[in-house]
Amino acid sequence: MSALLRSRAFKRGAIQTGFLVLLVGLIIAAAVVGRTNILSQGMATGFGFLEQTTGWTLSFSVIDIGPRSTYTRMLFAGILNTLAVGLLTLVLASLLGLIIALMRVSTNTPMKIVGGTFIELFRNVPVILQVLFWYALLTHTPSPRNAINFGDIAFFSNRGLTLPAPALSAWDVILLAIGAVALAVAFRTLALQFSLRQRFLGCIAAFAGLFFVLILTGRAPDMPLISVPELKGLRFVGGFTLKPEFTALLIGLVLFGASYIGEIIRGGLLSVDRGKLEAGAALGLSHPQINRFIRIPLAFRAMLPALSNQYVWLMKGTTVGIVIGYPDYFAVVSTSINQSGQTLELLALLMIGFVIINYSIGFGMNVLNERLKLKGRN
């Protein structure tokens, strides 16, 4: 028994348990004191307000909402708005960062200069200033009546970029997203007798088939397959409009994130053993083939941990959209606090929402890291 008490594992476990108990106790004490103070001031508590109508709406939403929407639906719309701009940012910033990193490690001097200039410019300007700059630029474009016309099917004005859109409902879009995930899993697990190209083309064909089935079955009989925007009065009717708030936030986050991701990827590319690259050249591979089949796959293992941290930071960075009026989860919670007065409850929902989102990203990246790490190494 005495040997167990003196063991390092027992001491470490006891310290961690004690710290956890102390933390839980502090949280419970703070909750009890806060509840007592709220009740003494006659303020309402609880989450019953979530079923009440808000009386206000959002300038942009992935799903349909209105003044009669409940707080639950409004908060859900805010989460979807955050995920929409956040996930697009992660994808586009990763692609742009990869391009910048390849330019930085290139032997072509002009490309190295362009890549280095991009990094130094966008990494050293605060992201909030970049978002404000792009928002000011987008809102000073021509009015809808003088919009820049792209073949009478797309228009660019101070209301945003208006594009043709397929006649899909919100549920159709959700089903399409689920189908895309299912096809991605199928792409990974299809029988090995099919080549990589055959599996990829098969998944693309299946996704296109699902898309057209939803278009043909999920619309009214008199509704066109594609909704083309038209100018009526002072606004465009039909199609889909990328609002200046969404576009400015997306551009600012992508450029800022790509400047950091580019350096992370560059570090990973430089960590690849030069002998492996020379071996690829000796086998007759071209420079793009060496990057595709040797350099990037090997570098991905080295850059994955740092890339995970950057992804989590970029998702949290979507909250800067509040300065330009983008209705993300943080902005919706802030407005809900002003309208309902349920401060503690809404702040708790805000923290829980971001914890779930960021832990999901971290968990996914950790699973990927475990699958890709070299066997026999910790």
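In which helix does Val32 lie? Select helix 2 (residues 8-40); Val32 is there. Helices are DSSP runs of H or I, at least four residues, and strands are runs of E, at least two, numbered from the N terminus.

This is a predicted model: local features need pLDDT of at least 70, side-chain atom pairs count only at pLDDT 80 or more, and totals for chains, interfaces and linings use all residues. Residues are numbered from 1 along each chain as its sequence is written, and side-chain values use heavy atoms, without hydrogens and water.

**The core.** Select Ile261, Tyr311 and Ile361. They have the most contacts inside the largest nonpolar core, which has 23 residues. Such a core is a set of buried Ala, Val, Leu, Ile, Met, Phe, Trp, Tyr and Cys residues joined through side-chain atoms within 4.5 Å. Helix 3 (71-104), helix 8, helix 10 (287-316) and helix 12 (343-372) each give two or more residues. Helix 10 gives the largest share, 10 residues.

**Salt bridges.** The structure holds 6 (a side-chain nitrogen of Lys or Arg within 4 Å of a carboxyl oxygen of Asp or Glu). Select Arg104 and Glu263: their closest N and O atoms are 3.3 Å apart. Arg104 sits in helix 3 and Glu263 in helix 8, 159 residues apart. Glu263 counts as buried because its relative accessibility is 18%. Buried means under 20% relative accessible area, exposed over 50%, partly exposed in between (1.4 Å probe, protein chains only).

Last, select Arg274 and Glu278. Their side chains meet in a salt bridge (3.9 Å, N to O), and both residues are exposed.
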